[in-house]
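Good morning, and thank you for making the time.

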Amino acid sequence: MIDHLSRAVISDPEQNLTSEKQEIAHILPDSKLAPTRFRKRTLHETKIRTQSTLTENILSHKVQFDGRIISRNGRDACRELVGFFFTHDQSLTIYEYRQFGKNRTNVLPFIQKNIYCHQHGRRKGKQYQLGDLYIGANLTFLSSDHPRLPESVKENTVLTLRITNIDWRALDSLKTDSVEHNDVTNEETNDRMIFKAIQDRLKEQLHQRGVRILTGLGKYLQQLDKEGNGLLDKADFKQALKLFRLDVSENDFESLWLILNSSGNSRADYGEFKRAIIGEMNEYRKSFVRKAFMKLDFNKTGSVSIIDIRKCYCAKKHPQVISGHSTEEEIKSSFLETLKDACSKSDEVSYGEFEDYYEGLSIGIVDDEAFVNILCTPWGI
């Protein structure tokens, strides 16, 4: 017994799934990473029999996962993806949810079913295996291998997808049956130790001024990126650390640079640089950041006007307003001032700038639910 979508994955990976009966919700049981509008729908409600025992067996040995694109482009960062990894041949395929009107959601091919290898990092050239799938893992693909990708996505040589949720039950079951070994290498362990050591040293510096540093650093690095490809050289990163008074020792910086500049072309992605030295909020928190931005960006342009943000932001339930220490207008003006300082344009906020603000805010908040409450309350979500 298999579901319509999985059957389509095997029989015709390029098929446009337009039937209302094929409308799916990729969020798994007990998931709190789900966008609310998908939580009450299930992927495997409709069951049909297949005449091929092989096909049915193939489809039953798979892991479903959700993903997002790592990008500062708002339209791409907010794309909602669902993927399947098939253990019989170590292949995978990825689909994108598309909203048509208020009540219709279709699933369209995004990455065609095939066997793929890592395109970046320590595992570059190695084939994807079951052990590569976990929340927070990155899957990288060569954009040139997928001509049907959106033009904005193809602007980057390597497409990086982040796994945001996964069917843990299926994963654990398949790992029990699997004989593959995909342990973390010594190099990867050392890389993580270096990142953590730098992040721990900067944590105290960031605690009191996380929002200002994150938003300012993001804006500064973007201004340095004259070519618009997200790549900067060693001197640029050193200057950024000095300008924002982020104390990283020469030894730590050189260790960091060797990891980030793995291609040896003397340039590195500034998004990776920020994540390496500062870290990033978990995928649960980020799901709500995207949800808030998507509510504001109702035209799906990837940016929101300051006017619309002012209209939508409600400070009525802010603790300082409730206690009487500040007025709603004072809280709103303070928020907008900080946000505008992060923006490269005076009249609009991009997704990357919006994310930087909440990335900085997240640093000082330990509890996930407290962060989500602070984020969601003013936006009414």
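Let me begin with the term cavity: on a 1 Å grid over the protein atoms alone, a cavity is a set of points where a 1.4 Å probe fits but cannot get out. Grid points are joined across faces, edges and corners, and a volume is the space filled by probe spheres set on the points. This is a predicted model, in which local features need pLDDT of at least 70 and side-chain atom pairs count only at pLDDT 80 or more, while totals for chains, interfaces and linings use all residues. Residues are numbered from 1 along each chain as its sequence is written, and side-chain values use heavy atoms, with hydrogens and water left out.

With those terms in place, how many cavities of 30 Å³ or more does a search of the whole structure find? The search returns 2. I shall discuss the second largest cavity, whose volume is about 40 Å³. Strand 1 (62-69), strand 2 (80-86) and strand 6 (158-166) are the elements that give two or more residues to its lining; helices (H or I, at least four residues) and strands (E, at least two) are DSSP runs, numbered from the N terminus. Lining residues, meaning those with an atom within 4 Å of a point, are Phe65, Gly67, Leu81, Val82, Gly83, Ile94, Leu161, Arg162 and Ile163 for this cavity. By class, the lining has 6 nonpolar, 2 polar and 1 charged residues. Here Ala, Val, Leu, Ile, Met, Phe, Trp, Tyr, Cys and Pro count as nonpolar, Asp, Glu, Lys and Arg as charged, and the others, Gly among them, as polar.

One of these lining residues is Phe65, which lies in strand 1. Phe65 counts as buried because its relative accessible area is 3%; buried means under 20%, exposed over 50%, and partly exposed in between, with a 1.4 Å probe and protein chains only. The C-alpha atoms of Phe65 and Leu171 are separated by 9.8 Å, although the two residues are 106 apart along the chain.

I turn next to the pockets. A pocket is an open set of points with protein on both sides within 12 Å along at least five of seven lines. The second largest pocket has a volume of about 560 Å³. Of the 19 residues that line this pocket, Tyr313, His318, Ile331, Tyr357 and Ile374 lie nearest its centre. Helix 12 (319-322), helix 13 (328-341), helix 14 and helix 15 (368-379) each give two or more residues to the lining. The class count for this pocket is 12 nonpolar, 6 polar and 1 charged.

Helix 14 covers residues 351-363 and includes Tyr351. Is Tyr351 buried or exposed? Tyr351 is buried, since its relative accessible area is 1%. From Tyr351 to Ala77 the C-alpha separation is 7.8 Å, across 274 residues of chain.

Finally, the salt bridges, each being a side-chain nitrogen of Lys or Arg within 4 Å of a carboxyl oxygen of Asp or Glu. The structure holds 27 of them. In one, the closest N and O atoms of Arg201 and Asp252 are 2.4 Å apart. This pair links distant parts of the chain, with Arg201 in helix 6 (residues 186-224) and Asp252 in helix 8 (residues 250-260), 51 residues apart. Arg201 is partly exposed at 48% relative accessibility, whereas Asp252 is buried at 15%.

Lys286 belongs to helix 10 (residues 283-296), and 69 residues separate the pair. Glu359 also forms a salt bridge with Lys286, with the closest N and O atoms 3.5 Å apart. That pair again joins helix 14 to helix 10, this time over 73 residues. Glu359 is buried at 9% relative accessibility, and Lys286 is buried at 4%. Salt bridges that share partners join Arg68, Arg162, Glu280, Glu283, Lys286, Glu355 and Glu359 into one network.

Thank you; I would be glad to take questions.
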